[in-house]
Amino acid sequence: MATPHIEAKEMDIAKVVLMPGDPLRAKYIAETYLEDVTQFNNVRNMFGFTGTYKGKRISVMGSGMGMPSIGIYSYELFKFYDIDAIIRIGSAGAYTADLKLFDIVLADDAWSESSFALAQSGEASAVMKPSAELNTLIKETAASINKTVHENRIHSSDVFYHESNVDGHEEFYSKHGCVCVEMESFALFHNANILGKKAACLLTISDSLVTSEVTTAEQRQNSFNEMMEIALESAIKI
Ligand SMILES: O=P(O)(O)O[C@H]1O[C@H](CO)[C@@H](O)[C@H]1O
Ligand SMILES: O=c1cc[nH]c(=O)[nH]1
């Protein structure tokens, strides 16, 4: 059974999917952490892989950037492949000086100016919640392997590059309490909620809108590894 965007058969995809924005990062995770890997999707180069981690079947697939893209992939995975849970593992820009490069944020909820939920189902709320059960599991797992996660509200933005006449990072923090920005979780959480599935989001701070610091490619690689390990160790307990 294929969809317009995923060519896999239902059995090809595990019940838990880790989902970075970048399909090449999905490939890296499969090559670095999984055993007995098979590739289940190649459509549009949005690579998806299934393998085992510590003996448990796990899938990893790119989402692309932005809510329309993760909206399509997460809907198809939940609805047509009947997967149980998606853990997004992404990068984010810090809105506060308290968040340093490489810090890991677990989305407590996602605020957005996006019309995704309104257009998709008439849901007018500007805040979408992840699975409380998954968040508890991720926090407990991170603590058990001595990793720190900051559980905070995040901003899911439709826009990467803003002009100076609209609200900037100071306002997103002061008006809405968002500590960092990414571009997908609001839609992911909405889809999980309307379809009765579970979703969560881990983010690594890749740059700071406060200090203008940015990570190098090598630093991003290493810090992403910590987040990947928390996600993988959590995924095998779902
Ligand atoms: O690193 P990923 O998961 O792609 O996440 C962030 O990076 C992209 C922007 O550079 C957006 O997709 C944003 O959400
Ligand atoms: O969406 C994103 C992701 C990382 N850094 C940003 O500034 N924005």
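Which residue in β4 is the bridge partner of T50? In this predicted model, the partner is S59. Together β3 and β4 make a hairpin with 2 residues between them, and K54 in the turn takes a positive phi of about 50°. S59 turns up again on another side of the story: V17 also stands opposite S59 in β4. Here the pairing is with strand β1 (residues 16–19), which runs parallel to β4 (residues 56–61) and is joined to it by 2 bridges.

β5 and β10 pair over 10 bridges in the parallel sense, and one of the facing pairs is A85 with K198 in β10. β10 also pairs with strand β6 (residues 104–111), this time antiparallel and through 3 bridges. In that pairing, L106 stands opposite L202 in β10. As background, side chains in a regular strand alternate between the two faces of the sheet.

L202 leads on to the nonpolar core. The largest such core has 76 residues, and L202 is among those with the most contacts inside it, along with V17, L18, I87, V105, C180 and A231. Helix α7 (residues 217–235) gives the largest share of this core, 7 residues. As for A231, leaving aside residues up to four places away in sequence, its contacts are L18, I87, I89 and L202.

In α5 (residues 169–176), the buried residues are H169, F172 and Y173. Looking down the axis of α5, these fall within an arc of 95°, so they line one face of the helix. The spacing has a simple background: an α-helix has 3.6 residues a turn, so residues three or four places apart point the same way. On the other side of α5, the exposed residues are E170, E171, S174 and K175. The buried residues of α5 pack against β8 (150–156) and β9, and just after the helix G177 has a positive phi of about 75°.

Helix α6 (residues 185–195) is another matter. Of its 11 residues, 8 are buried, so α6 is largely enclosed by the rest of the structure. The buried ones are S185, F186, A187, L188, F189, H190, N191 and A192. Just after α6 comes G196, with a positive phi of about 70°.

The model also holds two ligands. Around ligand 1 sit P20, G21, D22, M65, G90, S91, F160, E182, M183 and E184. Sorted by class, this shell has 4 nonpolar, 3 polar and 3 charged residues. Ligand 2 is surrounded by S91, A92, G93, F160, V181, E182, M183, S206 and D207. Its shell comes out at 4 nonpolar, 3 polar and 2 charged residues. Three strands, β5 (85–94), β9 (180–182) and β10 (198–208), each bring at least two residues to the shell around ligand 2, and the largest share, 3 residues, comes from β5.

R25 is found in helix α1 (residues 23–33). Is R25 buried or exposed? With 22 other C-beta atoms within 10 Å, R25 is buried, given that 20 or more are needed for that label.

Finally, a couple of loop residues deserve a look for their backbone angles. N45 has a positive phi of about 60° although it is not a glycine, and it sits in the loop between β2 (35–41) and β3. N45 has 10 C-beta neighbours inside 10 Å, so it counts as exposed. N146 likewise has a positive phi of about 60° without being a glycine. This residue lies in the loop between α4 (132–144) and β8, and with 6 C-beta neighbours inside 10 Å, N146 counts as exposed too.

Methods:
Residues numbered from 1 in each chain as written. Chains lettered and ligands numbered in written order. Predicted model: local features only at pLDDT ≥ 70, side-chain atom pairs only at ≥ 80, totals over all residues. Core = buried A, V, L, I, M, F, W, Y, C linked by C-beta atoms within 7 Å. Buried ≥ 20, exposed ≤ 12 C-beta atoms within 10 Å, placed from the backbone. Helix = DSSP H or I, 4+ residues; strand = E, 2+ residues; numbered from the N terminus. Contact = placed C-beta atoms within 7 Å. Near = placed C-beta within 6 Å. Nonpolar A, V, L, I, M, F, W, Y, C, P; charged D, E, K, R; others polar. Pairing = 2+ DSSP bridges. Arc of directions from axis to C-beta.
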